[in-house]
Amino acid sequence: MSSPNRILEGVRIIAFTTGYAGPYAGRLLAQYGAEVIKVESFPGGLDTFRHYGAEGDINAAPRFIECNLAIRSMTVNIKHDDGKRIIKELAAKANAVLVNFRPQVLGRLGLGDDELRKVNPSIIILKLPGLGETGPKNWYGTWGFNLNSFSGMTYLWNHPGQDRPIGSQGVYPDHLGFISAPTIMMAALLRQKLTGKGCSIDVSQGEVTAYTLGTSYLESSINGVDPQPQGNRSLTAAPHGCYRCEGDERWCVVSVNSDDEWRRLCGVMGNEALAGDSRFATCVDRRRHADELDAVMSDWLATQTVEDVAHRLQAAGVPAGVVQNGTDLCNDPQLRHRDYFQKYDDSPIGPFELPRGGIIFRDMPEEEIPITPPLGEHTEQVMRDVLGYDEAAIAKWKEEGVLV
């Protein structure tokens with residue numbers, strides 16, 4: 001199967017995935033050479049992202065297409081006894097299973113870990129439940145936004161004194177999950193190759209997210225003090241914030257981490273006298289007078305073009321950057337230079353571009369990432385080429401609703 005880099009060529013993974021984290025993890029594994037067979041059934045048992053397309057076309061949902069590039073699509077009714085048997089036969093010929101259904105869903109269908117290990121003792125089963133496979137909350141329905149709040153991120157992602165938590169539109173637990181899963185999967189595949197042993201892996205998206213807030217939890221556990229939202233402020237840098245520039249919603253972030261950087265910033269501002277202002281002489285002083293300093297920064301940057309001022313600050317050794325929007329990213333010369341986007345001229349939603357990913361293998365040829373296939377496109381091929389069934393058997397199971 002075509003892939004941009006074939007480091008996982010020869011690996012077969014069965015994917016029971018929906019939404020963002022599981023499908024995107026499958027996409028990354030497929031993008032780097034694995035044969036990822038995504039199992040769905042119609043009309044029930046579809047990936048939830050298929051329902052976000054225009055006019056109800058389950059093959060034309062942009063988020064589904066984004067998350068499922070390069071995979072193979074197979075439709076099997078896994079509630080049917082013959083459907084279960086087909087999945088077990090496929091598991092016997094697979095290296096791994098990737099799942100982000102709620103805990104115990106496959107188990108209740110007779111496709112739990114123990115059942116799959118009866119046909120393939122060395123299989124790897126990697127699960128991405130929202131809150132883990134065990135525990136009093138394991139049955140909770142989760143989505144990226146409520147996992148943000150569960151992990152403590154929504155509370156901390158806030159401005160001081162705000163009357164309610166703001167949080168972020170980003171579904172960070174999904175992103176952390178789909179980055180963690182392929183990494184862990186490759187470690188398990190290496191162990192499988194060296195020892196012939198499989199394993200079950202429980203990756204809680206909520207816990208992975210909470211792990212990134214480790215220092216905040218440490219403060220609470222050691223000092224008994226809940227960390228408070230800091231907004232754009234920093235405990236070690238000043239000025240440290242996001243400031244409006246000229247134009248419609250154009251913003252620049254600036255982070256001054258030393259007194260030398262402060263003097264350089266004053267030079268770019270053309271305000272040498274400011275460097276001698278006793279309120280801002282040291283980082284401690286600048287943090288103490290952060291409100292006054294933010295007012296100075298806001299007044300100055302409001303008269304600046306963001307791209308120009310960010311470039312001048314960077315050239316002077318002051319950390320700064322443009323707050324880029326979608327249009328900025330699509331036109332960013334750095335991303336274009338690195339061939340970050342792949343263009344699809346022919347797709348169910350028309351021409352579009354998607355990020356390829358942030359990893360480049362210098363000694364391997366870059367090939368195009370295949371477009372997401374229509375539902376069930378590879379069902380017959382998998383049944384015939386992987387499991388060895390003939391056309392008569394396939395037609396019979398289609399008629400009986402096993403292959404749907």
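H289 sits in the loop that links α13 (283-288) to α14 (290-301); helices here are DSSP runs of H or I with at least four residues, strands are runs of E with at least two, and both are numbered from the N terminus. The model is a predicted one, so local features need pLDDT of at least 70 and side-chain atom pairs count only at pLDDT 80 or more, while totals for chains, interfaces and linings use all residues. Residues are numbered from 1 along each chain as its sequence is written, and side-chain values use heavy atoms, with hydrogens and water left out.

With a relative accessible area of 22%, H289 comes out as partly exposed; the label buried means under 20%, exposed means over 50%, and partly exposed is what lies in between (1.4 Å probe, protein chains only). Setting aside neighbours within four places in sequence, H289 is in contact with R279 and F280, contact being heavy atoms within 4.5 Å. Q104 is another story: H289 and Q104 are 185 residues apart in sequence, and their C-alpha atoms lie 55 Å apart in space.

Q314 belongs to helix α15 (residues 306-315) and is partly exposed at 46%. Not counting residues up to four places away, Q314 touches P319 and A320. Its C-alpha atom is 45 Å from that of N59, a residue 255 places away along the chain. S216, in helix α10 (residues 214-223), is buried at 17% relative accessibility. Beyond its neighbours within four places in sequence, S216 has L156 and P227 in contact.

Now for helix α18 (residues 379-386), where T379, V382, M383 and V386 are the buried residues. Viewed down the helix axis, these buried residues fall within an arc of 110°, so they line one face of α18; the arc is taken from the directions that run from the helix axis to the C-beta atoms. An α-helix has 3.6 residues a turn, so residues three or four places apart point the same way. The cover over the buried residues of α18 includes β1 (12-16), β2 (35-40), β3 (72-75), α3 (81-92) and α19 (391-399). After α18 comes G388, with a positive phi near 80°.

Strands β10 (residues 341-344) and β11 run antiparallel and are joined by four bridges; two strands count as paired if DSSP finds at least two bridges between them. Opposite F352 stands Y344.

Salt bridges turn up 31 times across the whole structure, each being a side-chain nitrogen of Lys or Arg within 4 Å of a carboxyl oxygen of Asp or Glu. One of them ties R63 to E66, with the closest N and O atoms 2.9 Å apart. R63 and E66 are three residues apart in helix α2 (residues 62-67), which means about one helical turn separates them. R63 is partly exposed at 35%, while E66 is buried at 14%. R164 and D163 also meet in a salt bridge, at 3.7 Å from N to O; R164 is exposed at 55%, and D163 is exposed at 66%. D345 pairs up with K343, the closest N and O atoms being 3.7 Å apart, and D345 is exposed at 54%. Elsewhere, salt bridges with shared partners link R6, E9 and E367 into one network.
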